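Please open the model in your viewer and follow the stops below in order. Each stop says what to select and what is found there.

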Amino acid sequence: MTIQNTHMAIRIENLEIGYKSGSAESTFTRGSINYSACGGEMVALIGPNGIGKSTLLKTVVGFQKPIGGDILFDSHSIRGFSPKELARKISYVSTENVQVANMRVSDLVAFGRFPYTGWMGTLQPEDIRIIRNSIEVTGLLPLAHKMVSQLSDGERQRAMIARALAQDTPLMILDEPTAFLDISNKYGIFQLLRNLVKQQRKTVILSTHDLNIAL
């Protein structure tokens, strides 16, 4: 699904990803990767498990260094961004089923403001507004004070997306965001992401091995 926008959010040029070691058995690389995405565009990275989707996304986010090539954000290489600067531009939701103990939904979402509040974590009125809006947009307002450990898989995934949304980045990257969900929640999450793209002009890049749900 693409909405026309002339602003190029991210561009990948001749990227080589993976890891190299002394033995051929433990070496994994993928090269000559080129693509771009604009503001207001949702891109699905589709393929079976084990082909490098997660490695590519982790490289784009900055968790893993590329072997070669470059990743450009607003025409600037991400190599020149500090971790804090990058965290204000790109948010990430992993494929892992995150288990969080003794934390309410609102507290989890508030962690998304870390790039702006720092270690002290002092929330200003604008931070509180963004947190509440992120909870509301993801349909979690009735659950804001519920413990994350008490959420269903679908609710927990929405909470992780709300945290990424509170990070207030133009680019959101999600690795298999529906991996642990039933069919109803799968469609719900994709519809939520589609609305973010349409209404907030986010750029969303996600991986999935489910061709039907992506279509």
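What radius of gyration would a compact globule with 215 residues have, and what does the protein have? A compact globule of that length would come out near 17 Å, and the protein has 17 Å, which agrees. Keep in mind throughout that this is a predicted model.

**Stop 1: the whole chain**

Start with the C-alpha trace. Along its principal axes the trace spans about 50 × 40 × 35 Å. Switch to a cartoon view to pick out 8 helices and 8 strands. Of the contacts with a separation of 6 or more, 72% are made by residues 24 or more positions apart.

The accessible area is about 11100 Å², and carbon and sulfur atoms account for 52% of it.

Now colour by charge. There are 23 positive and 19 negative side chains, and the centres of these two sets lie 3 Å apart. The structure holds 6 salt bridges; three of them are visited on this tour, at Arg11, Glu126 and Lys53.

**Stop 2: Arg11 and Glu13**

Select Arg11 and Glu13 and show their side chains. The two form a salt bridge, with N to O at 2.8 Å. Are they buried, exposed or partly exposed? Arg11 has 29% relative accessibility, so it counts as partly exposed. Glu13, at 32%, is also classed as partly exposed.

**Stop 3: helix H5**

Move to helix H5, residues 125–137, where both Glu126 and Arg129 lie. They are 3 residues apart, about one turn of the helix. Their side chains form a salt bridge in which the closest N and O atoms are 2.7 Å apart. Glu126 is partly exposed, with a relative accessible area of 42%. Arg129 is partly exposed as well, at 47% relative accessibility.

**Stop 4: Glu176 and Lys53**

Select Glu176 together with Lys53. Here the side chains meet in a salt bridge at 3.7 Å, N to O. The pair links distant parts of the chain, as the two residues are 123 apart. Glu176 sits in the loop between strand S7 (171–175) and helix H7 (183–200), while Lys53 belongs to helix H1 (residues 53–61).

Why do both partners count as buried? The cut-off for buried is under 20% relative accessible area. Glu176 has 7%, and is therefore buried. Lys53 has 6%, so it is buried too.

**Stop 5: helix H1**

How many of its 9 residues are buried? The helix is mostly covered, with 7 of the 9 buried. Besides Lys53, the buried set contains Thr55, Leu56, Leu57, Thr59, Val60 and Val61. Step past the end of the helix to Gly62, which follows H1 and has a positive phi, near 105°.

**Stop 6: Ser91**

Finish at Ser91, in strand S6 (residues 90–93). At 1% relative accessibility, Ser91 counts as buried. Which residues is Ser91 in contact with, leaving aside its neighbours within four places in sequence? Select Ala164, Gln167, Thr169, Leu171, Met172 and Ile173 to show these contacts. Strand S7 (171–175), passed at Stop 4, can be coloured here for orientation.

Methods:
Residues numbered from 1 in each chain as written. Predicted model: local features only at pLDDT ≥ 70, side-chain atom pairs only at ≥ 80, totals over all residues. Heavy atoms only, no water. Helix = DSSP H or I, 4+ residues; strand = E, 2+ residues; numbered from the N terminus. Rg over C-alpha atoms; globule rule 2.2 N^0.38 Å. Contact = heavy atoms within 4.5 Å. Areas by Shrake-Rupley, 256 points an atom, 1.4 Å probe, with all protein chains shown as cover. Lys, Arg positive; Asp, Glu negative; His and termini not counted. Charge placed at Lys NZ, Arg CZ, Asp CG, Glu CD. Salt bridge = Lys/Arg side-chain N within 4 Å of Asp/Glu carboxyl O. Buried < 20%, exposed > 50% of the residue type's maximum accessible area, 1.4 Å probe, protein only.
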